[in-house]
Amino acid sequence: LESNLAGLFSAKHWLRDRVARHLIAYYEAAGDPAQALDLAKRCASFAAEVYPGFSALHAWSLETQGDLQLRLAGFRLVGPDSVEVPQEGLPQDALRAAWRDVGPIYTAAAEALRALFGPDHEFFVAIRDKRDMLANVTSQQPAAGRIAVLRDRK
């Protein structure tokens, strides 16, 4: 399906992006999170290129990308603002890599949602709290106090 769409629509066509978003859910349900992650990255790039500046679509695309990266690394996402390490744990290098790779993605999503909806809106609060939880479960300190800045800035 994806190869057929590539032949019909440019990479910047809204319909191709819409189908990719549906395919992300399909590949997740089918047990192929790696394929879903590839599409999620493409959707995030699409949103950044087509909607420059802060965009809720881009923020949510980034969140989806980060969530998939964490699932592939073995983390559990048990709610819209919760990240858990499996009971058997993960190696320290996997924890550090998760923070290094996904922390900035969640930060970018949080900053966009804060700018668009304000510091008290549930969209911002959920991604901010998810990022805080990721920092907590990976035992990492937020880079340059970014979490505190996101939490306290009004």
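A salt bridge here is a side-chain nitrogen of Lys or Arg within 4 Å of a carboxyl oxygen of Asp or Glu. The model is predicted, so local features need pLDDT of at least 70 and side-chain atom pairs pLDDT 80 or more, while totals for chains, interfaces and linings use all residues. Residues are numbered from 1 along each chain as its sequence is written, and side-chain values use heavy atoms, leaving out hydrogens and water.

**Stop 1: salt bridges**

Select Asp 17 and Arg 21: their closest N and O atoms are 2.8 Å apart, which makes a salt bridge. Both sit in helix H2 (residues 14-29), four residues apart, about one turn of the helix. Helices are DSSP runs of H or I with at least four residues, numbered from the N terminus. Asp 17 is buried at 8% relative accessible area, whereas Arg 21 is partly exposed at 25%. Buried means under 20%, exposed over 50%, and partly exposed in between, with a 1.4 Å probe and protein chains only.

Next, pick Glu 28 and Arg 71, a salt bridge with its closest N and O atoms 2.7 Å apart. This pair links distant parts of the chain, from helix H2 to helix H4, 43 residues apart.

Then show Glu 63, Asp 67 and Lys 130, which salt bridges with shared partners join into one network. The whole structure has seven salt bridges.

**Stop 2: the largest nonpolar core**

Now select Leu 70, Phe 75, Val 83, Tyr 106, Leu 113, Ile 127 and Leu 134; among the 22 residues of the largest nonpolar core, these touch the most other members. Such a core is a set of buried Ala, Val, Leu, Ile, Met, Phe, Trp, Tyr and Cys residues joined through side-chain atoms within 4.5 Å. H4, helix H5 (92-117) and helix H6 (122-137) each give two or more residues to this core, and H5 gives the most, with 10.

**Stop 3: aromatic rings**

Rings of Phe, Tyr and Trp (its six-membered ring) pair if their centres lie within 6.5 Å; planes under 30 degrees apart count as stacked, over 60 as edge-to-face and the rest as tilted. Phe 46 is buried at 6% relative accessibility, while Tyr 51 is partly exposed at 38%.

Finish with Trp 60, Phe 117 and Phe 123, which form one aromatic cluster. Trp 60 lies in helix H4 (residues 56-72) and is partly exposed, at 34%.
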